[in-house]
Amino acid sequence: MKENVERCGATAVMVEDAWGSAVDPHKVEEALMAHPDAKVLAFVHAETSTGAQSDARTLARLAHEHDCLVIADTVTSLGGSELRVDDWGLDAVYSGSQKCLSCTPGLSPVTFSERALEAIKNRKHKVQSWFLDLNLVLGYWGGEGKRSYHHTAPINALYGLHEALVILREEGIEQSWARHAKNHQALRAGIEAMGLAFIVKEGERLPQLNTVTIPEGVDDARVRARLLEEYSLEIGAGLGALAGKVWRIGLMGFASSRKNVLFCLGALDAVLGDLGAPIQRGVAVEAANRVYAG
Ligand SMILES: *Cc1c(COP(=O)(O)O)cnc(C)c1O
């Protein structure tokens with residue numbers, strides 16, 4: 001986001017939090033007070049790099065109290081956890097087709113509030129990019145009942161997205177959120193029974209991206225390679241400050257299933273046990289099953 005802001009010629013004021021923590025609204029409020037000329041508050045709702053989920057509603061409220069528009073990255077939240085664009089007052093929101101919508105990659109669903117449209121229409125300078133000039137795109141989307149050509153739509157990708165959304169609608173979006181939460185709880189029970197821990201504190205955890213500690217003395221890359229080779233199971237490595245310290249286990253969209261949770265716990269148990277890691281063996285799957293049994 002910082003990179004994008006700066007490429008657009010704006011100045012980014014960074015509000016830093018520790019990796020694995022949600023955005024701290026108090027720090028954001030302080031920054032907004034310290035920079036009364038700020039125009040936009042931009043944040044990531046569901047942080048895939050660390051597994052932390054921020055309170056988008058509170059952040060949006062603070063931004064509006066300080067006359068800022070809100071840009072929210074919802075790439076990993078859309079479809080997987082509660083996201084209420086209009087109720088929370090999010091002004092410019094983008095997502096991706098390939099995370100919790102379980103669609104092919106290539107499309108980025110976006111939405112803009114009336115406030116955001118107002119800002120776009122009142123631009124004083126032309127946007128440098130033709131492709132991402134939203135005034136032109138808005139005309140294409142049906143300005144004043146017309147559709148003025150801007151680009152050729154990737155209709156095959158759009159049909160894919162349509163089908164992904166039909167599947168989501170059949171399940172029900174609230175039911176999808178609940179499914180992601182349930183599978184996270186089951187994975188968590190198994191992980192904790194094994195003796196491993198979550199690094200994100202409770203209440204800030206992202207159900208679709210589980211950041212789990214690597215046990216003492218265990219070779220991170222070796223475990224991931226064995227899971228991939230022997231079980232065709234890929235889990236993510238830690239990034240940035242968390243590299244080598246955590247694994248990131250994705251449970252997104254179609255992949256957020258009981259079958260995958262039990263399979264992942266069984267495979268981790270076998271590989272870690274085989275490597276002599278200091279874990280409690282043979283209890284993870286049972287602990288997860290108890291969550292499913294209610
Ligand atoms: C995956 C992801 C992105 C990047 O999406 P691309 O389609 O690869 O550009 C951006 N933000 C978040 C939070 C993500 O999880």
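Visitor: What makes H8 and H10 roughly parallel?

Guide: This is a predicted model. In it, the axes of helix H8 (residues 173-194) and helix H10 (residues 258-274) cross at roughly 15 degrees. Angles under 35 degrees count as roughly parallel. H8 is therefore roughly parallel to H10. The two axes come within 9 Å, and the crossing is right-handed.

Visitor: Which residues make the contact between H8 and H10?

Guide: From H8 come Asn183, Ala186, Leu187, Gly190, Ile191 and Met194. From H10 come Arg258, Val261, Cys264, Leu265, Leu268, Asp269 and Leu272. They divide into nine nonpolar, two polar and two charged residues.

Visitor: How do you know that the buried residues of H11 line one face of the helix?

Guide: The buried residues of helix H11 (residues 284-293) are Ala284, Ala287, Ala288 and Tyr292. Seen down the axis of H11, they fall within an arc of 145 degrees, so they line one face. On the other side, Arg290 and Ala293 are exposed.

Visitor: What covers the buried residues of H11?

Guide: The cover includes H8 and H10. Just after H11, Gly294 takes a positive phi of about 75 degrees.

Visitor: Why is Gly79 called buried?

Guide: Gly79 has 1% relative accessibility. Buried means under 20%. Gly79 therefore counts as buried. Gly79 is found in the loop between strand E4 (69-73) and helix H4 (85-88).

Visitor: Which residues is Gly79 in contact with, leaving aside its neighbours within four places in sequence?

Guide: They are Cys100, Leu101, Leu168, Ile173, Ser176, Trp177 and His180.

Visitor: Where do Ser102 and Ser232 lie?

Guide: Ser102 is in the loop between strand E5 (92-94) and strand E6 (110-112). Ser232 lies in the loop between helix H9 (220-231) and strand E8 (236-237).

Visitor: What phi does Ser102 have, and what phi does Ser232 have?

Guide: Most residues other than glycine have a negative phi. Ser102 has a positive phi of about 55 degrees, although it is not a glycine. Ser232 is not a glycine either, and has a positive phi of about 50 degrees.

Notes: Residues are numbered from 1 along each chain as its sequence is written. This is a predicted model: local features need pLDDT of at least 70, side-chain atom pairs count only at pLDDT 80 or more; totals for chains, interfaces and linings use all residues. Side-chain values use heavy atoms; hydrogens and water are left out. Axes are lines fitted to C-alpha atoms, for helices over the stretch in contact, and angles run from 0 to 180 degrees between N-to-C directions. Helices (H or I, at least four residues) and strands (E, at least two) are DSSP runs, numbered from the N terminus. Angles under 35 degrees count as roughly parallel, over 145 as roughly antiparallel, 65 to 115 as roughly perpendicular and the rest as oblique. A crossing is left-handed if the near helix is turned anticlockwise from the far one by less than a right angle, and right-handed if clockwise. Contact means heavy atoms within 4.5 Å. Ala, Val, Leu, Ile, Met, Phe, Trp, Tyr, Cys and Pro count as nonpolar, Asp, Glu, Lys and Arg as charged, and the others, Gly among them, as polar. Buried means under 20% relative accessible area, exposed over 50%, partly exposed in between (1.4 Å probe, protein chains only). The arc is that of the directions from the helix axis to the C-beta atoms.
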